[in-house]
Amino acid sequence: MEIRTLEYFLMVAKEENITHAAQQLHIAQPSLSRALMQLEEEMGQQLFIRGKRKVTLTQAGVLFKRRAEEIMSLVDKTQQEMWNDMELSGEIYIGIGEFYATDILLPKLITSFTQKYPQVTYHIYSGNADSIKERIDHGTIDIGILLEPVEVDKYDFVRLPYNETWGLITSKDNPLSSKEYVTSNDLINIPLSWPERLAIQNELISWFHDDYQHLNFIATTNAMTNMIPLIKANICSGINNEGAFVNHSMEQICFIPLYPKLTTSTVLVWKKNQTLSPLLQHFINEVYHVLKL
């Protein structure tokens, strides 16, 4: 029996759905189903009752789950003890964007990792998903936090539990600043900026529907920081995610969510099919620890 098989079993027991578990494990559903059947053959017991939409544990499955959790806990403890004996040092290069995931995850992650490995230093690069992916592909960034949509096929990734709400960032002198939310019709013929990423633009164009042809985009940007002076001067307003707004002074600008609501998720990615350095492997493991995955 392999440790990986225990991880598969525990994920299915947690999700109660083989499709969802396969997505979390980043493997194909048929591969996961085969692994579970092989496990049941090896144990000589049926571990799951398979329904149309849900799988539940048999009595034998409940017992096996307790034992599997004990085994994985011992494995984790042993790995941690071995890692603690190593004096890891080196540099980690991280690409980030302007969104909540960065503000929430990065401080927790670096604080936790630094406590264990104080000799590690960090290099932080700020950019949009396209520039960060390019640097990951070239090996100049180790790991990046990206705003979806992102083609993650060539990356290993963790989908983060943080969503970004989209809206209008505008001057408090703008008449729209008094609104609780803005619709696409509210934005017609006013000067706007939006992200330069084509994938994001396409998402927004779909949201605008027919009103898009009447919108007046006068600028694009790879970081909202670049647009704040223009927004404060009421030269234009910016369509962006709320996380790009919270890092700036709110005395002269405000954020108004779009209606209907538009949200996007975030992912943490690193290059696929590469041999990870011990330092980077430990750092990625710390991500799972901090996120309690």
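**Exercise 1. Placing F208**

In which helix does F208 lie? Determine also whether F208 is buried or exposed, and list the residues with which F208 is in contact.

*Solution.* The structure is a predicted model, in which local features need pLDDT of at least 70, side-chain atom pairs count only at pLDDT 80 or more, and totals for chains, interfaces and linings use all residues. Residues are numbered from 1 along each chain as its sequence is written, and side-chain values use heavy atoms, with hydrogens and water left out.

Step 1. F208 belongs to helix α7, residues 198-208. Helices (H or I, at least four residues) and strands (E, at least two) are DSSP runs, numbered from the N terminus.

Step 2. The relative accessible area of F208 is 1%, so F208 is buried. The classes are buried (under 20% relative accessible area), exposed (over 50%) and partly exposed (in between), with a 1.4 Å probe and protein chains only.

Step 3. Contact means heavy atoms within 4.5 Å. When neighbours within four places in sequence are left aside, F208 is in contact with S184, L187, L215 and F217.

Step 4. From F208 to L198 the C-alpha to C-alpha separation is 15 Å, across 10 residues in sequence.

Step 5. Q201 also lies in helix α7. With a relative accessible area of 11%, Q201 is buried; beyond residues up to four places away in sequence, Q201 touches W194, P195, E196 and T220.

**Exercise 2. The two sides of helix α3**

Compare the span of α3 with the expected value, and identify which of its residues are buried and which are exposed on the other side.

*Solution.* Step 1. Helix α3 comprises 15 residues, 29-43, and its first and last C-alpha atoms are 21 Å apart, close to the 21 Å expected at 1.5 Å a residue. The expected span is 1.5 Å times one less than the number of residues.

Step 1. The buried residues of α3 are L32, A35, L36, L39 and E40. They lie on the same side of α3 because they cover an arc of only 135° around the axis, the arc being that of the directions from the helix axis to the C-beta atoms. An α-helix has 3.6 residues a turn, so residues three or four places apart point the same way.

Step 2. Q38 and E41, on the other side of α3, are exposed.

Step 3. Just after α3, G44 has a positive phi of about 70°.

**Exercise 3. The nonpolar cores**

How many residues does the largest nonpolar core have, and which have the most contacts inside it?

*Solution.* Step 1. A nonpolar core is a set of buried Ala, Val, Leu, Ile, Met, Phe, Trp, Tyr and Cys residues joined through side-chain atoms within 4.5 Å.

Step 1. The largest such core has 47 residues, and I94, L105, L160 and L187 have the most contacts inside it. Helix α9 (residues 278-291) gives the most to this core, namely 7 residues.

Step 2. Apart from neighbours within four places in sequence, L187 is in contact with L168, L176, V182, L192, F208, L215, I239 and L258. A second, separate core has 20 residues, including F9, L25, F48 and M72.

**Exercise 4. The surroundings of T266**

Where does T266 lie, and which backbone oxygen does its side chain reach?

*Solution.* Step 1. T266 is part of strand β11, residues 263-271, and is buried at 0% relative accessibility.

Step 1. The side chain of T266 reaches the backbone oxygen of Y162 at 3.2 Å.

Step 2. Not counting residues up to four places away in sequence, T266 touches several residues, among them F99, L146, E148, L160 and Y162.

**Exercise 5. Backbone exceptions**

*Solution.* Step 1. Most residues other than glycine have a negative phi, and most peptide bonds are trans.

Step 1. The bond from E148 to P149 is cis, with omega near 10°; P149 lies in the loop between β5 and β6. Y259 and P260 are likewise joined by a cis peptide bond, with omega about 0°, and P260 is in the loop between β10 (253-257) and β11.

Step 2. E16 has a positive phi near 60° and lies in the loop between α1 (3-15) and α2 (18-25). E16 is partly exposed, at 33% relative accessible area.

Step 3. H209 has a positive phi near 55° and is found in the loop between α7 and β8 (216-221). H209 counts as exposed, at 60% relative accessibility.

Notes: Polar contact = N/O pair within 3.5 Å; in protein donor to acceptor, adjacent residues only side chain to side chain.
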